[in-house]
Amino acid sequence: MSQSPETSVPPHDTNEVHLTGRLSSPPAARVLPSGDQIVTFRLVVRRSARARRRSRQSVDSFECTAWTAALRRRALRLAADDLVEVRGELRARFTRGQHGLVGRVTVDLQSLTRAPVASSP
């Protein structure tokens, strides 16, 4: 018996992201029109030296969303410039903007921890 595409993901399909970076501003809590509560923050991640050779852009910025109560509480304890490690799944989101459809990629969090800060010698 085969499973429907909604309930089964083939083993070769993977959507996992692992990032370490700094918060650009304090996390923000909000309630969606659906009633769901979320906490979002923007994570700034430095590009690798190899990527910087191809572009003058030195960082990438990702919107991260905490959906569960535990992750929302953890996120709200963070402050701008905190170094954090996140794991989650990428989501493509589309909204209607002033000039048509606008797409963006966000990270739906599965884990969130403060990253250890390297000590100076």
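Guide: A salt bridge is a side-chain nitrogen of Lys or Arg within 4 Å of a carboxyl oxygen of Asp or Glu. The model shown here is predicted, and the structure holds eight such bridges.

Visitor: Which strands does the salt bridge between R104 and E63 link?

Guide: In this bridge, the closest N and O atoms of R104 and E63 are 3.0 Å apart. R104 belongs to strand β6 and E63 to strand β4 (residues 59-66), so the pair ties together parts that are 41 residues apart in sequence.

Visitor: Is E63 buried or exposed, and how is such a label read?

Guide: The label rests on relative accessible area: under 20% is buried, over 50% is exposed, and the range in between is partly exposed. E63 is buried because its relative accessible area is 19%. For the chain as a whole, 26% of the 121 residues count as buried.

Visitor: What joins the side chains of D108 and R93?

Guide: The side chains of D108 and R93 meet in a salt bridge, with 2.5 Å from N to O. D108 lies in strand β6 and R93 in strand β5 (residues 83-97), so this pair ties together parts that are 15 residues apart in sequence. Salt bridges that share partners also join E89, R91, R93 and D108 into one network. As for accessibility, D108 counts as buried because its value is 12%, whereas R93 is partly exposed, with a relative accessible area of 25%.

Visitor: What kind of contact joins the side chains of R93 and T106?

Guide: It is a polar contact of 3.0 Å between the side chains of T106 and R93. T106 is placed in strand β6 (residues 100-114). With 2% relative accessibility, T106 counts as buried.

Visitor: Where does T113 lie, and how far is its C-alpha atom from that of L71?

Guide: T113 lies in strand β6. The C-alpha atoms of T113 and L71 are separated by 9.6 Å, and the two residues are 42 residues apart along the chain. T113 counts as partly exposed, because its relative accessibility is 41%.

Visitor: How are the residues of the salt bridge between R87 and E85 to be described?

Guide: Their side chains meet at 3.5 Å, N to O. R87 is partly exposed, with a relative accessible area of 39%. E85 is partly exposed as well, with a relative accessible area of 22%.

Visitor: Which residues gather in the patch of positive charge on the surface?

Guide: A charged patch is made of residues with over 30% relative accessible area and no salt bridge, with like charges joined within 9 Å. In this structure the positive patch gathers R22, R46, R50, R52, R53 and R54 on the surface.

Visitor: Which element gives the largest share of the positive patch?

Guide: Helix α1 (residues 49-54) gives the largest share, four residues. R54 has its place in helix α1. R54 counts as exposed because its relative accessibility is 62%.

Terms used
Residues numbered from 1 in each chain as written. Predicted model: local features only at pLDDT ≥ 70, side-chain atom pairs only at ≥ 80, totals over all residues. Heavy atoms only, no water. Patch = residues over 30% accessible without salt bridge, like charges linked within 9 Å, V, L, I, M, F, W, Y side chains within 5 Å. Areas by Shrake-Rupley, 256 points an atom, 1.4 Å probe, with all protein chains shown as cover. Lys, Arg positive; Asp, Glu negative; His and termini not counted. Charge placed at Lys NZ, Arg CZ, Asp CG, Glu CD. Helix = DSSP H or I, 4+ residues; strand = E, 2+ residues; numbered from the N terminus. Buried < 20%, exposed > 50% of the residue type's maximum accessible area, 1.4 Å probe, protein only. Polar contact = N/O pair within 3.5 Å; in protein donor to acceptor, adjacent residues only side chain to side chain.
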